[in-house]
Amino acid sequence: MALFDKMNKNVSLERNQGTQSIPFGNQDEQVFEQPLSSTEANKLIRNTYILLSMTLLFTAFTAGIAMVTRMAPMHFVVVLVGYFGLLFLTSKLQNSVWG
């Protein structure tokens, strides 16, 4: 319960000070939100579209291979295990480069 009291105290102090700080890592260390410049925003959008195009190309490539080899659909249990496995990995690795 003391943890939540400390968090609520930090939030109320931040609201009273009028800053937009986000606690990160250690309680003493805080990151302040800065607006993005147009160069940074363009870089972020470009990287997002690059990642999107890479996933679409990978999907098209694997679908093409499946069509050429006339691969049968996978069993639904295998698909569900894959979905839940990827969901678990994504949540487990969310704070790393692999996430």
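This is a predicted model: local features need pLDDT of at least 70, side-chain atom pairs count only at pLDDT 80 or more; totals for chains, interfaces and linings use all residues.
Val77 is partly exposed, with a relative accessible area of 41%, where partly exposed is the class between buried, which is under 20%, and exposed, which is over 50%, taken with a 1.4 Å probe and protein chains only. Residues are numbered from 1 along each chain as its sequence is written, and side-chain values use heavy atoms, with hydrogens and water left out.

Val77 belongs to helix H3, which covers residues 76-92; helices (H or I, at least four residues) and strands (E, at least two) are DSSP runs numbered from the N terminus. Together with Phe76, Leu80, Val81, Tyr83, Phe84 and Leu87, Val77 makes a nonpolar surface patch of about 780 Å². The residues of a patch have over 30% relative accessible area and no salt bridge, with like charges joined within 9 Å and nonpolar side chains (Val, Leu, Ile, Met, Phe, Trp, Tyr) within 5 Å; a salt bridge here is a side-chain nitrogen of Lys or Arg within 4 Å of a carboxyl oxygen of Asp or Glu.

Of its 99 residues, 3% count as buried, and the chain exposes about 9500 Å², of which carbon and sulfur atoms supply 68%, the areas coming from the Shrake-Rupley method with a 1.4 Å probe.

Helix H2, residues 38-68, has 31 residues and reaches 45 Å from its first C-alpha to its last, close to the 45 Å expected at 1.5 Å a residue. After H2 comes Arg70, whose phi is positive, near 50°, and which is placed in the loop between H2 and H3. Arg70 is exposed, with a relative accessible area of 77%.

An unreviewed UniProt entry lists residues 49-68 and 74-93 as "transmembrane region", although such annotations may be inferred rather than shown by experiment. In the model, residues 49-68 are 100% helix, whereas residues 74-93 are 85% helix, with end C-alpha atoms 27 Å apart.

Finally, the chain averages a pLDDT of 78, this being the predictor's confidence in each residue, from 0 to 100. Confidence is lowest in helix H1, residues 2-17, at a mean of 51, and highest in H2, at 94.

Notes: The expected span of a helix is 1.5 Å times one less than its number of residues.
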